[in-house]
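Hi there,

Here is the structure we talked about, for you to open and explore. Have a look at it first, and then read on for what turned up.

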Amino acid sequence: MIERRPAVAELLKDRGNALVVAGLGSPVYDVFAAGDHDLNFYDWGAMGSAAMVGLGLALSRPERPVIVFTGDGEMLMGLGAFSTIAQHLPTNLSILVLDNEQYAETGMQKTATGFGTDLAAVARACGIQNASELTGQDEIATLRPKLYGRAGTLVAVLKIKPGDQPRTVPEREGTLIASRFMRSLLADDQRRVRHRARHGRMSVTAGDPADVGGAPVDVAVPEES
C-alpha cells in the first residue's frame with residue numbers, strides 16, 4: 001500500500017507550470033502539505049467535480065500539464081466524468097485517485113471500492129485506455145514523468161494505506177482561491193506573450209491568451225522600445 005503524503009509530495013516535486021486541482025477533503029490537505037502554490041485550485045465543497053474542473057482546464061490550456069488529485073469517495077460520486085473525459089481525451093490531463101476505500105471526512109465508512117468497485121476498470125470501460133491501479137510506493141517514481149509528458153489522458157488509482165491524516169488546511173474561501181488561481185494563470189500567460197513578443201512575432205494556438213478560436217496563425221507584435 002502507498003503512503004499518501006510522501007506520494008503526493010514526490011509527484012508534485014519540480015512541477016513547473018502544471019495546473020493542480022485538489023478535490024475536497026484529504027486530497028486538499030495532501031496537496032497543501034506538499035507546498036502551497038498559486039496554481040493550486042482547492043476544490044472545497046464541490047464533491048464530485050474535481051475531474052471535470054481538470055477537464056475544463058486541460059481543454060483551455062493544452063500547453064500545460066493538468067493534474068487532478070481526488071479521492072475514491074469523490075470519484076465515485078462523479079463517475080460520469082470518466083465518460084465525458086473520454087469524449088475529449090486531452091493529452092495533458094492526469095487524474096490521480098487516492099483510494100483508501102474510506103470516507104475520511106465523515107467517519108471512515110467503507111466506500112464502494114472497499115466492496116470491489118475497480119475505478120481503473122470503470123475508466124477503461126468508459127474509454128480512457130490509459131487507466132491503471134498502483135499499489136506500491138516504488139511505482140510513484142515511474143508515474144511522475146508521465147504526469148508532465150502530455151502524452152494522453154491518464155488515470156491512476158493509487159491504493160493508499162487506510163486512515164486519516166493531519167489536516168493541513170489552506171484557504172477555504174472559494175472566491176479567494178479562484179481569484180488567486182486566475183490572477184496567477186493570467187500573469188503567467190502574459191509573461192509568455194511578452195517573451196514571444198521580443199522576437200517580433202508570435203504564433204497563436206488554441207488555449208493561448210490571444211486565442212482566436214481557429215488554426216494557428218501568426219500575429220504581428222510591435223517591437224518593445
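Is K159 buried or exposed? With a relative accessibility of 9%, K159 counts as buried. Please keep in mind that this is a predicted model.

K159 has a partner: its side chain meets that of D99 in a salt bridge, 2.8 Å from N to O. This pair links distant parts of the chain, with K159 in strand β8 and D99 in strand β4, 60 residues apart. D99 is buried too, at 2% relative accessible area. Side chains of opposite charge can pair when their charged atoms come close.

In the whole structure, the search finds 8 salt bridges. Another one joins D30 and R4, whose closest N and O atoms are 2.7 Å apart. D30 sits in helix α2 and R4 in helix α1, so the pair ties together parts 26 residues apart in sequence. D30 is buried at 1% relative accessibility, and R4 is buried at 4%. R5 joins R4 and D30 in a network of salt bridges.

Now for the rings. The search finds 3 aromatic pairs. In one of them, the ring centres of F32 and Y42 are 6.1 Å apart and the planes stand at 80°, so the pair is edge-to-face. F32 belongs to helix α2 and Y42 to strand β2, so parts 10 residues apart in sequence are tied together. F32 is partly exposed at 25% relative accessible area, whereas Y42 is buried at 4%.

One last thing to look for: K110 lies over the face of F115, 5.0 Å from the ring centre.

Enjoy exploring!

Conventions: Residues numbered from 1 in each chain as written. Predicted model: local features only at pLDDT ≥ 70, side-chain atom pairs only at ≥ 80, totals over all residues. Heavy atoms only, no water. Phe/Tyr/Trp six-rings, centres within 6.5 Å; stacked < 30°, edge-to-face > 60°. Helix = DSSP H or I, 4+ residues; strand = E, 2+ residues; numbered from the N terminus. Buried < 20%, exposed > 50% of the residue type's maximum accessible area, 1.4 Å probe, protein only. Lys NZ or Arg CZ within 6 Å of the ring centre and 35° of its normal. Salt bridge = Lys/Arg side-chain N within 4 Å of Asp/Glu carboxyl O.
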